[in-house]
Amino acid sequence: MSDIVHSKTNIMNNALRMVGSYHLDTGDTTSVAYEIANQAFNDAVVTIFSENVFTYNTFRKYYDNGVDTSTLSLTEKPGDQWKYRILLPNKGPDNTVGFQQIVKVTNKEGNTLLDWYVENFVPEGTSVVYDESYYLFTTEKEAHVYYSFVPDLGNSGLNRGDVAGNMDAHIVRALTLYMAQSMCIELSGSETRQQSLFEQYVRAVRRARVIEGRGSEPQRYINDGNSQLMNSHYGYGSV
């Protein structure tokens, strides 16, 4: 992780400088430039973190409270092939945003689980409430669930807060360039500059993915114990 602290204001000012605009003064929350930059910042956060999985926006949570699906009615489960149902969070670690996608699921020993299914289920006879309604169906009662989320970088006092100190430089650059290209025409009127900034943004996201990939764990080797194909082969014809 980088020791450089990136604040929301610094990121916004860097993006404004890229389009040739004046920087924001400390405490400025009313000017037209602030309104444009703030909206561009929010759009950049949603776009980049909803479409990409980085270490920064990945969270792991351990669950040991899987419900035996044999105790559920037929309308409460998608099938009988999964033995347990785990209630997933509707909020990320900042307690403000929900998970975007499941990155991987492992058992309590850390072995990757391949047989799982996520469902957004609302019990019959209840109103639609988007609160704790996602369920993970799997073969294990206890599991580690890794999921990506969109961090809330616009509110102070949260884990990632107004000062995004945990964000790595390659993500900050992608975020800044997205902002710059999105507000370039509105602030500068230059389509040529906007196209140049967009191309830089595409390269920055690609580089961020490469850097994150270098720091990821290697692929797990397939063996008799974790291969669904081998398990199916060995069990073929058995009752």
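Helix α1 buries K8, I11, M12, N13, A15 and L16. The cover over these buried residues includes β1 (6-7), α2 (32-51) and α3. This is a predicted model. Across the 239 residues of the protein, 38% count as buried.

**Overall layout**

- The protein has five helices and nine strands.
- Read from the N terminus, the order of elements is β-α-α-β-β-β-β-β-β-β-β-α-α-α.
- Take the contacts between residues at least 6 apart in sequence: 71% of them join residues at least 24 apart.

**Helix α1 against helix α3**

- Helix α1 spans residues 8-18, and helix α3 spans residues 169-188.
- The two helices pack at an angle of about 50°, and their axes are 8 Å apart.
- Angles under 35 degrees would count as roughly parallel, and 65 to 115 as roughly perpendicular; α1 and α3 are therefore oblique to each other.
- The crossing of α1 past α3 is right-handed.
- On the α1 side, the contact is made by I11, M12, N14, A15, L16 and M18.
- On the α3 side, V172, R173, L175, T176, L177, M179, A180, M183 and L187 take part.
- Sorted by class, this contact has 12 nonpolar, two polar and one charged residues.

**Burial and contact in α1**

- I11, M12, A15 and L16 are buried, and these residues also belong to the α1 contact with α3.
- K8 and N13 are buried as well.
- α3 is one of the elements that cover the buried residues of α1, along with β1 and α2.
- Just after α1, G20 takes a positive phi of about 80°.

**The salt bridge**

- The count of salt bridges comes to one.
- E142 pairs with K108, and their closest N and O atoms are 3.6 Å apart.
- E142 sits in the loop between β7 (134-138) and β8 (143-149).
- K108 sits in the loop between β5 (99-107) and β6 (116-120).
- The pair therefore ties together parts that are 34 residues apart in sequence.
- E142 has a relative accessibility of 25% and counts as partly exposed.
- K108 is partly exposed too, with a relative accessible area of 46%.

Note on methods: Residues numbered from 1 in each chain as written. Predicted model: local features only at pLDDT ≥ 70, side-chain atom pairs only at ≥ 80, totals over all residues. Heavy atoms only, no water. Salt bridge = Lys/Arg side-chain N within 4 Å of Asp/Glu carboxyl O. Helix = DSSP H or I, 4+ residues; strand = E, 2+ residues; numbered from the N terminus. Buried < 20%, exposed > 50% of the residue type's maximum accessible area, 1.4 Å probe, protein only. Axes fitted to C-alpha atoms, helices over the stretch in contact; angles between N-to-C directions. Parallel < 35°, antiparallel > 145°, perpendicular 65-115°, else oblique. Left-handed = near helix turned anticlockwise from the far one by under 90°. Contact = heavy atoms within 4.5 Å. Nonpolar A, V, L, I, M, F, W, Y, C, P; charged D, E, K, R; others polar.
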